[in-house]
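Here is a friendly walk through one protein chain, from its outline down to single residues. Please keep the viewer open and follow along.

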Amino acid sequence: MSKLEEILTKIGDKIADATILQIDTVMATLDVGADGKIATTPGTDIEGMTSSINLIDGDITNTIAPGFYQKYPDLIKFHETQVEKGSAIVKANMEALKSIVSVVESLGSDNTPKE
């Protein structure tokens, strides 16, 4: 396999792996670990919502914990904004990937042996 084919295969694999965009907004008690990472405190209640966007067919699934909408209307608005931003980021990333693939392909065609 040529270096060009290897690069294109890697790009294709990454695109295939990235078919679902998931955005989570949660309220929970948090702890900071010794490593500095933040995680939910074990055994505490977690309330929130999640949105999953299938990037292939465009299906969007939203799941909201009971009462979250009434208790945290500002977080609902924030979550909606994050979903919009996420969709825009994915679209921009896909366009960038198309450009990268085009450049890589053109580099490969420039290096083809002349007969």
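Helices here are DSSP runs of H or I with at least four residues, strands are runs of E with at least two, and both are numbered from the N terminus. The side chains of Lys 3 and Glu 6 form a salt bridge, with 3.9 Å from N to O. A salt bridge is a side-chain nitrogen of Lys or Arg within 4 Å of a carboxyl oxygen of Asp or Glu. Lys 3 is exposed at a relative accessible area of 58%, whereas Glu 6 is partly exposed at 28%. For these classes, buried means under 20% relative accessible area, exposed means over 50%, and partly exposed is in between (1.4 Å probe, protein chains only).

A word on the model itself: it is predicted, so local features need pLDDT of at least 70 and side-chain atom pairs count only at pLDDT 80 or more, while totals for chains, interfaces and linings use all residues. Residues are numbered from 1 along each chain as its sequence is written, and side-chain values use heavy atoms, with hydrogens and water left out.

**The overall picture**

The protein chain has 3 helices and 5 strands, arranged along the sequence as α-β-β-β-β-β-α-α. Along the principal axes, the C-alpha atoms fill a box of roughly 70 × 35 × 15 Å.

Of the 115 residues, 17% are buried. The accessible surface of the protein chain is about 8700 Å², and carbon and sulfur atoms hold 58% of that surface. These areas come from the Shrake-Rupley method with a 1.4 Å probe; for residues, only the protein chains shown count as cover. Among contacts with a separation of 6 or more, 54% join residues 24 or more positions apart. Contact means heavy atoms within 4.5 Å.

**Charges and salt bridges**

The chain carries 10 positive and 18 negative side chains, and the centres of the two sets are 5 Å apart. Lys and Arg count as positive and Asp and Glu as negative, with His and the chain ends not counted. Each charge is placed at NZ of Lys, CZ of Arg, CG of Asp or CD of Glu.

How many salt bridges are there? The count comes to 4, and the table includes three of them.

| Lys | Glu | N to O distance |
|---|---|---|
| Lys 3 | Glu 6 | 3.9 Å |
| Lys 71 | Glu 47 | 2.9 Å |
| Lys 98 | Glu 95 | 3.3 Å |

Lys 71 pairs with Glu 47. Lys 71 belongs to helix H2 (residues 68-71) and Glu 47 to strand S4 (residues 47-54), so this pair ties together parts 24 residues apart in sequence. Lys 71 is partly exposed, at 49% relative accessibility.

Lys 98 and Glu 95 are both in helix H3 (residues 73-110), 3 residues apart and thus separated by about one helical turn. Lys 98 is exposed at 51%, and Glu 95 is partly exposed at 41%. Elsewhere, salt bridges with shared partners link Lys 3, Glu 6 and Lys 10 into one network.

**Strands and their surroundings**

Is Met 49 buried or exposed? Met 49, in strand S4, is buried at 6% relative accessibility. Beyond neighbours within four places in sequence, its contacts include Ile 23, Thr 63, Ile 64, Phe 68 and Ile 76. His 79 is also in contact with Met 49; the two are 30 residues apart in sequence, with C-alpha atoms 8.1 Å apart.

Leu 30 lies in strand S2 (residues 30-32) and is exposed at 51% relative accessibility. Setting aside neighbours within four places, Leu 30 touches Ile 38, Ala 39, Thr 40 and Thr 41. The C-alpha atoms of Leu 30 and Thr 44 are 9.1 Å apart.

Thr 44 sits in the loop between strands S3 (38-40) and S4, partly exposed at 27%. From Thr 44 to Ala 28, the C-alpha distance is 7.0 Å across 16 residues of sequence.
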